[in-house]
Amino acid sequence: MMLRRGFILFLPRLVGLLVVACCSVSIVYMLACTPKSDNQQLALPRVHSPTVKEGYEAILQEREEQHRNYIISLKKQIAQLKAELQGRTEQLKSMQNQYPDPLDIQLDHNKPEKAQANLLAFLRSQVDKAEVHSGVKLSTEYAAVPFESFTLQKVYQLETGLTRHPEEKPVRKDKRDELVEVIELAVGSLNKPDGVSKAKPRLYTASDFVEGIYRTEKNKGTLYELTFKGDAKHQFKKIVLFRPFGPVMKVKNENVNMADTVINVIVPLAKRASKFRQFMQNFREMGIQQDGRIHLTVVYFGKEQMSEVKSILENTSKSANFKNFTFIQLNEEFSRGKGLDVGARFWKGNNVVLFFCDVDIYFTAEFLNSCRLNTQPGKKVFYPVLFSQYNPSIIYGHHDSIPSLEQQLIIKKETGFWRDFGFGMTCQYRSDFINIGGFDLDIKGWGGEDVHLYRKYLHSNLMVIRTPVRGLFHLWHEKQCLDELTPEQYKMCMQSKAMNEASHGQLGMLVFKQEIESHLHRQKLSSKKT
């Protein structure tokens with residue numbers, strides 16, 4: 001009973017103590033959780049101060065202000081980082097414009113930014129050292145690095161050996177992947193917005209690709225020049241890329257308008273009226289009807305068959321309504337170099353592309369565009385490697401009849417070869433021809449004058465474009481080896497004649513013809529016995 005009465009008396013005191021403890025804890029909690037301003041701690045709402053609700057609103061406003069200040073601070077930091085990045089970019093560009101010696105390149109992996117800048121500078125220097133922007137003086141005609149040409153499906157190559165073809169689909173995966181990558185990069189570059197034009201850009205695809213040429217300088221890299229269809233007829237897009245044994249780098253992206261570029265085809269001639277008639281058929285179809293931006297200059301030596309040649313020229317002029325031709329007659333011994341030189345200097349108009357040609361040449365309208373695209377006054381001259389036709393009577397000897405000329409013009413190792421030892425067919429601007437000094441007029445007859453001019457260009461700063469082309473053919477004609485030649489000269493003449501007659505395999509079939517026929521005869525007898 002006494003214990004019960006004591007508990008009842010102690011209970012109010014216990015409750016009071018618990019209330020005081022709870023209040024104390026609440027006060028401590030409020031003091032600890034109240035946010036501080038920049039200079040002082042926020043006080044709890046007091047008596048004679050705003051209500052508790054208003055106090056909390058003030059706290060929330062203060063926190064909102066703190067967050068706003070924090071966002072402003074972050075924006076300032078981002079702006080500072082952008083400015084610093086811009087500075088680094090400008091510094092990198094400055095370093096890329098410097099071309100250090102390859103021996104000075106040090107790829108310090110402890111400083112990746114410096115290593116990357118040094119590598120980029122070296123790759124840029126490879127572009128500068130390679131024959132990309134201008135020609136390089138060369139010592140001999142054998143020092144020039146030839147290009148090879150390609151389309152979406154095929155590659156036209158010079159170094160065929162015994163197992164490769166002059167025209168083939170790239171079978172090696174690395175070569176196929178290389179050309180596909182280059183075409184895709186060029187298409188991507190064409191479709192990249194320039195940021196200037198507001199008009200909706202045209203979307204280029206691989207089907208717009210016309211042709212490309214490429215060559216590799218073993219110690220520098222690979223140069224690619226790709227031509228795409230332009231926005232209008234006779235307009236093209238040209239992309240120049242360079243692989244400095246590393247990433248492909250865009251060198252140039254330019255519009256090329258050839259609509260007003262005239263080609264003056266210069267043909268030196270003596271006799272050979274029947275060949276000239278065949279040449280004019282080709283000239284009329286490809287030059288006049290399909291191309292239309294062409295002039296013909298015929299430099300004729302002597303008077304024999306001259307009236308017949310002039311008649312062929314005048315008949316073509318009337319029937320095709322073609323007036324852009326010049327006929328020059330020289331009463332002297334035939335000299336190919338002299339004829340071409342006279343024809344080139346006779347032109348009185350604006351600067352023009354000169355195409356030095358012969359009557360036993362067949363060209364396409366496609367080649368005429370290649371002639372324009374690969375020449376540039378003061379910068380580039382074009383030395384195409386033409387495809388030389390074998391003797392049709394040997395090639396098609398097992399056929400019932402020899403196909404028409406157009407059907408014979410097929411690029412295969414059974415039908416001909418790349419005439420990479422010939423430099424007579426060439427395109428250049430008249431200004432470059434005059435500035436280089438023209439032909440050596442002391443050379444008479446055929447041969448020698450073309451190599452002499454070719455060497456002049458190689459010794460200059462002009463870039464010589466040397467590449468096989470699929471639209472230029474040397475038509476077969478019988479080669480005469482005269483009796484007055486010395487035994488050594490006659491032997492060389494016969495070797496040249498054999499080379500132009502047929503391929504190794506076809507000549508072998510002729511050599512072993514009797515043996516093959518004997519074998520077939522024995523086989524026939526054997527089958528009869530069984």
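Modeller: Buried means under 20% relative accessible area, exposed over 50%, and partly exposed in between, with a 1.4 Å probe and protein chains only. This is a predicted model, where local features need pLDDT of at least 70, side-chain atom pairs count only at pLDDT 80 or more, and totals for chains, interfaces and linings use all residues. Residues are numbered from 1 along each chain as its sequence is written, and side-chain values use heavy atoms, with hydrogens and water left out.

Biologist: Is C357 buried or exposed?

Modeller: A disulfide here is a pair of cysteine sulfur atoms within 2.5 Å. The closest cysteine sulfur to that of C357 is in C427, 9.1 Å away, too far for a bond. With a relative accessible area of 0%, C357 is buried.

Biologist: Which cysteine forms a disulfide with C371?

Modeller: The structure holds 1 disulfide. Its two cysteines, with sulfur atoms 2.1 Å apart, are C371 and C427.

Biologist: How many residues apart in sequence are the parts that C371 and C427 tie together?

Modeller: Helices (H or I, at least four residues) and strands (E, at least two) are DSSP runs, numbered from the N terminus. C371 lies in helix α8 (residues 365-373) and C427 in strand β15 (residues 426-429), so the parts tied together are apart in sequence by 56 residues.

Biologist: What is the handedness of the disulfide of C371 and C427?

Modeller: Both C371 and C427 are buried. The torsion about their S-S bond is about -125°, so the disulfide is left-handed.
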